[in-house]
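Please open the model in your viewer and have the selection tool ready.

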Amino acid sequence: MTAVTDTTHHDDHRHGPAKGLMRWVLTTNHKDIGSMYLWFSFAMFLTGGAMAMIIRAELFQPGLQIVEPAFFNQMTTMHGLIMVFGAVMPAFVGLANWMIPMMIGAPDMALPRMNNWSFWILPFAAVMLVSTLFMEGGGPNFGWTFYAPLSTDFAPPSTTFFIFAIHMLGISSIMGAINIIATILNLRAPGMTMMKMPLFVWTWLITAYLLIAVMPVLAGAVTMMLMDIHFGTSFFNAGGGGDPVLFQHIFWFFGHPEVYIMILPSFGIVSAILPAFARKPLFGYTSMVYAVASIAFLSFIVWAHHMFTVGIPLVGELFFMYATMLIAVPTGVKVFNWVSTMFRGSMTFETPMLFSIAFVVLFTIGGFSGLMLSIAPADFQYHDTYFVVAHFHYVLVPGAIFAIFAATYYWLPKWTGHMYDETLAKTHFWMSFIGMNLTFFPMHFIGLAGMPRRIPDYALQFADFNMIASIGGFMFGVTQFLFLFIVIKCIKGGEKAEAKPWDGADGLEWSLPSPAPYHTFTTPPDVK
């Protein structure tokens with residue numbers, strides 16, 4: 001008998017630099033692919049962030065300073081698209097690639113070659129998306145929601161390339177989601193039932209189903225755009241019997257679950273970190289699983305709350321208003337469980353814990369402003385103002401970005417074998433925290449006062465708050481280079497990480513995000 005050896009994961013540097021490079025191009029190792037996703041997402045984060053800096057520089061004071069209105073619109077469009085499809089989603093897929101096999105005791109992802117392919121589509125799609133800015137007529141200038149007929153009848157020629165890039169990004173997401181589902185359902189270690197899985201695994205399983213359900217809907221929307229632009233159809237052209245509002249229905253049927261795709265993995269991350277630093281098991285594990293599933297289900301039946309002002313029937317407005325408010329219930333369950341986990345715990349405040357606590361507090365603020373927006377008659381006033389911008393950035397910056405930072409700091413010792421510099425990391429946290437709040441909190445006020453979004457100039461009375469927001473934005477942006485420095489410094493060396501890096505001084509560690517070992521609470525639990 002010949003011994004069969006698995007060489008898939010042993011791409012080493014035996015054949016010089018070319019082999020070293022090909023290791024990354026051809027790798028099927030989930031850790032390598034996870035790392036590539038994370039580096040790619042950080043590059044996109046800086047790219048999208050640079051565009052946000054241009055937006056905030058223009059809005060620093062009233063009047064047109066540094067960019068033309070058309071270019072300003074291209075920046076708002078590309079900033080949104082790059083942050084959603086280039087930064088947040090690939091970062092979460094990278095974390096899933098790294099951690100899910102280890103959390104469920106699997107040797108690798110279920111479909112390693114597809115894993116490689118789903119990553120390598122991304123850089124090409126991202127380059128195509130960014131390259132539209134350099135084409136004749138400029139890049140897409142119709143907002144990240146690309147509403148028709150703006151994106152069909154009045155679109156620059158580069159829109160065709162934009163549509164192709166969106167298709168590629170969608171294909172990558174669908175393949176990543178299929179891989180994650182296949183891995184979780186088929187490769188769990190013996191004895192690990194579904195209700196023993198860490199919550200990060202649960203949140204990603206549910207997120208992956210959301211991705212498979214809604215990405216084809218987005219593909220349908222951009223395909224119909226393509227047909228309207230090049231083949232004479234009238235899906236969204238009222239002059240030819242189509243309906244521009246149809247585009248909004250299709251887009252938001254994708255777009256609203258998409259928002260939850262960007263937040264559910266964060267719930268899993270925070271549910272792993274809070275118990276570890278509170279040194280007690282997660283409160284209400286089962287209710288957390290059901291809450292995540294409920295949020296995912298409800299996310300499908302609330303899409304038209306983005307469309308209260310388009311003239312949908314009153315009964316429709318009422319349905320979408322109440323369904324949207326209902327999402328606050330499972331979300332409230334999660335926040336209650338996180339606070340209960342921390343309550344009377346032996347808490348220490350290392351950087352991952354700081355980012356997680358900031359997540360809970362600031363995400364809740366974003367949830368409350370979302371509740372305000374869900375009230376249909378009030379939404380007529382808030383719609384298309386900076387209040388909406390403040391709301392979704394309070395959900396996505398602390399919700400997605402802070403959770404990604406928390407996860408990075410929490411798992412860096414596991415990934416690199418070294419501890420990061422805690423002092424620098426805490427500096428990164430506080431500067432990010434202050435910068436983020438300085439940027440987005442004033443937007444609530446200028447929005448309620450009536451400042452419209454996506455406009456490069458504004459009335460004088462909004463000047464002070466915009467100046468504060470811009471200063472906060474630059475502070476947040478510059479701080480991310482400190483994060484880059486901390487990560488590179490950690491990879492290169494530093495204090496060696498212990499086997500259990502987050503053990504408390506008393507040697508107690510509850511790093512299990514899944515249920516604690518079975519015991520009755522009549523006697524203290526048996527921990528070392």
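Start with the second largest cavity, which has a volume of about 40 Å³. A cavity here is a set of points on a 1 Å grid over the protein atoms alone where a 1.4 Å probe fits but cannot get out, and lining residues have an atom within 4 Å of a point. Points are joined across faces, edges and corners, and the volume is the space filled by probe spheres set on them.

This is a predicted model, in which local features need pLDDT of at least 70, side-chain atom pairs count only at pLDDT 80 or more, and totals for chains, interfaces and linings use all residues. Residues are numbered from 1 along each chain as its sequence is written, and side-chain values use heavy atoms, with hydrogens and water left out.

Now select Met 44, Leu 81, Ile 82, Phe 85, Gly 86, Ala 126, Leu 129 and Leu 169 to show the lining of this second cavity. Colour α3 as well: four of these residues come from α3, the biggest contribution. Helices are DSSP runs of H or I with at least four residues, numbered from the N terminus. α4 (112-131) also supplies at least two.

Next, move to the largest cavity, with about 90 Å³ of space. Select Tyr 37, Phe 85, Met 89, Pro 90, Val 93, Leu 122, Leu 169, Ser 172 and Ser 173. Here α3 (69-104) and α5 (159-186) each give at least two lining residues, and α3 has the largest share, with four.

Definitions and conventions: 1 Å grid on protein atoms, 1.4 Å probe; cavity = no way out; pocket = protein on both sides within 12 Å on 5 of 7 lines; lining within 4 Å.
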